[in-house]
Each structure stands twice: as C-alpha cells, then as structure tokens.
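Open the model in your viewer and keep the sequence panel beside it. The tour below goes from one selection to the next and says what is there.

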Amino acid sequence: MAHFVITNKIRELRFFADEMTQSALAEQVGVTRQTIMAIEKGKYSPSLEVAFKIAQAFGKPLQDVFFYEKQ
Amino acid sequence: MSLSYREKTVWVSLLVSLILASYFGSQLQALFSVGPAVDATAVSALLLKIVIAFIVVEVVMHALLAMEEQEGADEPEDEREATFRFRANEWGYWCLSIGVIICIINELMNKQLAEGAAISDNPFFQSFGLAPLELKLVIVFWLSEIVRFSAHLYYYRKGE
C-alpha cells in the first residue's frame with residue numbers, strides 16, 4: 001500500500017515573503033517558533049486550523065502550502 | 001539545541017524531582033529499613049518535609065527561569081505542546097495506576113499473611129513490602145512523575 005505524507009513549502013514561502021522569520025510566522029499563527037520549525041521539517045502535521053492560519057499568513061490557499069503526496 | 005520556554009520548565013521539574021529524590025532518598029530508605037515498626041510521626045514529618053521542599057524548590061526554580069527566559073513565557077501552550085503533554089500524562093498516569101494497584105495488592109497480602117511475615121526472604125522485598133502504605137505511595141508517585149517528565153522531554157526532543 002502506498003504511504004502518503006504531508007509535505008509543505010513553508011521555507012520557500014518564507015523566503016519569498018521577505019525572508020520572514022520563523023518567529024514572525026509563529027507570532028502570526030499563534031504557535032511557538034519550535035512548532036513552526038517542526039512543521040517546516042515535516043516532523044509535525046498541524047491541525048487544520050493552524051494549517052489554514054499558516055496559509056493565510058502567506059496569502060495563499062491551503063493547497064499551495066501543504067501537499068498530501070506519495071512518499 | 002532549540003528549547004522552548006515550556007520545554008525548559010519540564011527540564012526544571014525533572015531536575016527538581018531527581019535532586020530531591022537523591023536528597024531525601026537516604027531518609028526514605030532509612031524509614032523503609034525499619035519495616036512495619038516505623039514511627040508514624042517520623043513518616044508524616046518526612047512526607048511534610050518532602051512536599052514543602054518540592055513546592056519551594058519548584059517555585060524558586062520556575063521563577064528564576066521566568067526571569068531569565070522571556071521568550072514564550074507569557075504565551076499560551078500551543079497544540080503541539082498540548083499533544084506532548086497529553087501523551088506524557090498518559091505514560092505518567094499509567095505508571096501511577098499500576099504502582100497504586102501493586103501497593104493495594106501488597107497491602108491486602110500483608111493483611112492475609114501472619115503479622116510481620118513477608119512473601120519473600122529477600123531483605124529488599126521484606127522492607128518494602130512491610131513498609132507503611134504512605135511511604136510506598138510516595139515512591140510510586142515520585143517514579144510516575146519522573147516517567148511523566150521524561151516522556152514529555154522525549155516527545156519534545158523527538159519533535160513529533
């Protein structure tokens with residue numbers, strides 16, 4: 001059976017958002033910097049609410065930030 | 001190594017538990033070695049001392065940490081931290097539940113056996129098995145707290 005993982009391009013989006021820091025994003029989203037770091041590395045899958053907030057911080061739809069794909 | 005404020009508070013709690021365990025360990029051991037003849041006043045006095053020491057040292061250490069570390073100190077816990085706390089609590093409360101059940105079974109067995117008798121000739125089992133219930137519960141509670149803090153830190157370090 002194919003194994004699916006949640007990936008994201010938060011790092012890339014931060015770069016294009018004037019090198020937004022993890023702390024700045026964390027503050028906008030309302031989580032800790034360590035949580036943003038874990039999400040960015042794919043170690044932690046956020047709740048839908050946090051995922052929407054992250055996408056909102058970059059002014060993008062959810063599907064442009066998070067991806068559900070085959071490993 | 002990037003530690004959040006909350007992870008540091010867990011480290012502080014674990015260290016306080018371990019330091020106090022090593023400090024009061026010999027006194028607890030001395031009471032255990034007396035067995036069932038232990039003086040109830042001595043047990044109560046030691047338990048009171050441990051509780052007060054725990055509260056005072058925890059408050060002081062957390063105050064020092066809050067003075068030193070400002071980032072995240074006034075922020076509420078986020079969903080990832082809450083998940084780690086729930087998982088760690090599960091580990092800790094499992095240990096606590098199992099420990100309490102063992103203590104109760106041990107207490108019931110002590111009542112069934114002749115006074116002063118133990119289920120084993122082993123000196124450790126004799127002193128532990130025949131010690132007052134309060135003392136055994138303190139050890140169980142202490143161990144479960146150490147397990148809870150260790151599990152919490154494990155999840156923080158694992159990051160998921």
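Select residues 91-109 of chain B. This span is 100% helix and 0% strand, and its end C-alpha atoms lie 27 Å apart. Keep in mind that this is a predicted model.

What does the UniProt annotation call residues 46-65 and 91-109 of chain B? The unreviewed entry labels both spans "transmembrane region".

**A helix in chain B**

Next, select residues 133-158 of chain B, which form helix H5. H5 of chain B has 26 residues and reaches 37 Å from its first C-alpha to its last, close to the 38 Å expected at 1.5 Å a residue. Colour its buried residues: B:Lys136, B:Trp142, B:Ser144, B:Arg148, B:Phe149, B:Ala151, B:His152, B:Tyr155 and B:Tyr156. Which helices of chain B do the buried residues of H5(B) pack against? Show helix H1 (5-34) and helix H3 (79-112) of chain B to see these partners. Then step past the end of H5(B) to B:Gly159, whose phi is positive, near 85°.

**Chain A as a whole**

Chain A has four helices and two strands. Starting from the N terminus, the order of its elements is β-α-α-α-α-β. The C-alpha trace of chain A spans about 40 × 20 × 20 Å along its principal axes. A compact globule of 71 residues would have a radius of gyration near 11 Å, and the 12 Å of chain A agrees with that. If you colour by burial, 30% of the 71 residues of chain A count as buried. Among contacts in chain A between residues at least 6 apart in sequence, 58% join residues at least 24 apart.

Nonpolar side chains in soluble globular proteins tend to be buried together. The largest nonpolar core here has 16 residues, and A:Val29, A:Ile54 and A:Val65 have the most contacts inside it. Helix H1 (10-16), helix H2 (22-29), H3 and helix H4 (48-57) of chain A each supply at least two residues of this core. H4(A) gives the largest share, four residues. Centre the view on A:Val29: leaving out residues up to four places away in sequence, it touches A:Val50, A:Lys53, A:Ile54 and A:Ala57. Another core, of seven residues, lies apart from this one; among its members are B:Phe84, B:Ala88, B:Phe149 and B:Tyr155.

**A loop in chain A**

Most residues other than glycine have a negative phi. Select A:Asp18, in the loop between H1 and H2 of chain A. A:Asp18 has a positive phi of about 60° although it is not a glycine. Is A:Asp18 buried or exposed? It counts as exposed, because it has 8 C-beta neighbours inside 10 Å, and the cut-off for exposed is 12 or fewer. A:Glu19 belongs to the loop between H1 and H2 of chain A as well, and its phi is positive, about 50°. A:Glu19 is exposed, with 8 other C-beta atoms within 10 Å.

**Where the chains meet**

Finally, show both chains again. Ten residues of chain A are in contact with ten residues of chain B. Helix H3 (residues 33-40) of chain A gives the most to the side of chain A that touches chain B, namely four residues. By class, this side of chain A has five nonpolar, four polar and one charged residues.

Methods. Residues numbered from 1 in each chain as written. Chains lettered and ligands numbered in written order. Predicted model: local features only at pLDDT ≥ 70, side-chain atom pairs only at ≥ 80, totals over all residues. Rg over C-alpha atoms; globule rule 2.2 N^0.38 Å. Buried ≥ 20, exposed ≤ 12 C-beta atoms within 10 Å, placed from the backbone. Contact = placed C-beta atoms within 7 Å. UniProt positions renumbered as here; feature names shortened; annotations may be inferred. Expected span 1.5 Å × (residues − 1). Nonpolar A, V, L, I, M, F, W, Y, C, P; charged D, E, K, R; others polar. Core = buried A, V, L, I, M, F, W, Y, C linked by C-beta atoms within 7 Å.
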